Amino acid sequence: MTIKPGEPEGVSPRTATDAMEVRGLTPSGSPRIAHRAGSDVPFFVVMGGLGGSFVLLIVAMLAADLAFTSPQHFAAALSKPEIQRAIQLTLVSCSISALLSIWVATPLGYLLSRFSFRGRWLIDTLIDIPVVLPPLVIGLSLLILFHLPLGDTNLERIMQESFGVRVTYAEPAVVLAQFSVACAFAVQTMRVTFDQIDARAEQVAMTLGCRRSRAFLEIALPQAWRGIVAALTIAWARSLGEFGPILVFAGATRMRTEVLSTTVFLELSVGQLEAAVAVSLLMVLAAMAVLGVVRLVGAKVVR
Amino acid sequence: MIELHDITIRSGPFALTNVNLSIPENTYAVLMGGTGQGKTTILEAICGLRTVASGRVLLNGSDMTRWKPGDRGVGYVPQDLALFPMMTVRGHLEFALRVRHCSAAMIKERVAELAHVLGIESLLARRVTNLSGGESQRVALGRALSFRPRVLLMDEPLNALDEATRDRLCELLRSVQKQTGLTTLHVTHSRVEARNLAEKLFVLESGQLREQPLTQLNPLSTENAKT
């Protein structure tokens, strides 16, 4: 076919269909309906504007905290023995509750991910209760659980008499309060982790002669290690932020059951705003450090 | 020897009823059939990964219908291979032997032997995540053969391979079967593969599993009639 004069330059139609396209005709010969898709700028302005407002809010809050405090406030807060003790208890209790959470969440997440059984929906719902319940209610429920009369005794008394451990209004209550919420988040993370791991490899392992336990330990678990790190971090961070249940179940006794979130509350309630903000920033730093570690570890795994 | 007697398998709306199959000792059987007919389901029933509603599964004459997958001694190469992402090639070949508490010397010898037969000696230390398609197939085959299984089941093992690799692997499968005398069931929808390998041919169509004469695979019969 030949190219007729009058056709747009820079386009060289090679077939009859191409030539029709250039002339603004569909292959059937009818005129094409004119249309330009238009700019994508409004899309990014609206989406970015809405999404960005949240990022801006976080940055603004942190900036305000920073502007309010000073290195002197920081040093003064950190030199208080109550706060030093609270930092110590926070680090220890968060780590214990995060480790306990992983210990429980890994098997539970695996079972929920791999097996469908009657009543699984009920377990699913139960696990989510700590996530949606007001934190105060969890604290109250723990308190009630440990002091509900069981015959002529109660759980608290059993713990004290049999194990010599005081729970309520003591350090174990801090860990238990943190664990009750943190574990729910860890289970969700572990479940998603195992959902994303193909169960086929474990099945093949079983045809090779091993039991489920070995397939879990040698095939599934090594693949889940990124999820385990993520769940551990999430549990740690949740524990760090826990306040309501600790207040109700462990109390806010200085030098005894005071964790950093309690410190903020206590300092605030006596008008020590500077100390409260300094401790808040300390918690922000701890949270950011934890998130940074996860990113770092995650990146290494990908490489 | 692989025998299925009146097997019924149900999974949701899908059901296979009264499936019968008999593959004699030392035979390379090929099972063909369209997508979604339940070929994989039959393999899973044989290796115990899917419970059957009724009927019996016999391997080398023993009724293994209620046996756990690990006790059946079936070498299984699934369609997606399902290699173990965190293990080396050597780890794959050793796994079943370690499960069986074989001695280190025996494991070493067996791995060397398998690696030689499959031509994967140079890959032993590598992780499986970045092997080529053909290499992965060899590893999956090696893993299934490592513990000298009673029977070998392969689910479309040569799919998604280029033609040259496919031909080489076909050759390998045939020679391995000759050497080991292993009763083999190979699922495929490729006539070429079936023609190259099959000593017995089964076709699964509309829930019916039937043995067909090998002449069915003759290029002059159905295939040519279609084109």
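Which side chain does E202(A) meet in a salt bridge? The legends below take up this pair and then look at other parts of this predicted model.

**View 1. A salt bridge inside chain A joins E202(A) and R114(A).**
Here the partner of E202(A) is R114(A), with 2.9 Å from N to O. Side chains of opposite charge can pair when their charged atoms come close. Look at where the two residues sit: E202(A) belongs to helix 9 of chain A and R114(A) to helix 4 of chain A, so this pair ties together parts that are 88 residues apart in sequence. Over all chains, the count comes to 19 salt bridges.

**View 2. Helix 4 and helix 8 of chain A pack against each other.**
Helix 4 of chain A covers residues 81–114, and helix 8 of chain A covers residues 171–196. In the contact of the two helices you will find 18 nonpolar residues, together with seven polar and five charged ones.

**View 3. Chain A and chain B meet in a contact built from both chains.**
How many residues does each chain bring to the contact? Chain A gives 18 residues and chain B gives 24 residues. Between them, the two chains bury an area of about 1,800 Å², and carbon and sulfur atoms give 66% of that area. On the side of chain A, the residues that lose the most area to chain B are R200(A), T207(A) and L208(A), which together make up 39% of what that side buries.

**View 4. R98(B) and E218(A) form a salt bridge between the chains.**
In this pair, the closest N and O atoms are 3.2 Å apart. Chain A and chain B share two salt bridges in total. Five residue pairs, both members at pLDDT 80 or more, are in polar contact between the two chains.

**View 5. Helix 9 of chain A supplies the largest share of the side that touches chain B.**
Helix 9 (200–207) and helix 10 (212–223) of chain A each supply at least two residues of this side. From helix 9 of chain A come seven residues. What kinds of residues make up the side of chain A that touches chain B? That side divides into nine nonpolar, four polar and five charged residues.

Key:
Residues numbered from 1 in each chain as written. Chains lettered and ligands numbered in written order. Predicted model: local features only at pLDDT ≥ 70, side-chain atom pairs only at ≥ 80, totals over all residues. Heavy atoms only, no water. Contact = heavy atoms within 4.5 Å. Buried area = accessible area lost by both parts, 1.4 Å probe. Salt bridge = Lys/Arg side-chain N within 4 Å of Asp/Glu carboxyl O. Polar contact = N/O pair within 3.5 Å; in protein donor to acceptor, adjacent residues only side chain to side chain. Helix = DSSP H or I, 4+ residues; strand = E, 2+ residues; numbered from the N terminus. Nonpolar A, V, L, I, M, F, W, Y, C, P; charged D, E, K, R; others polar. Axes fitted to C-alpha atoms, helices over the stretch in contact; angles between N-to-C directions.
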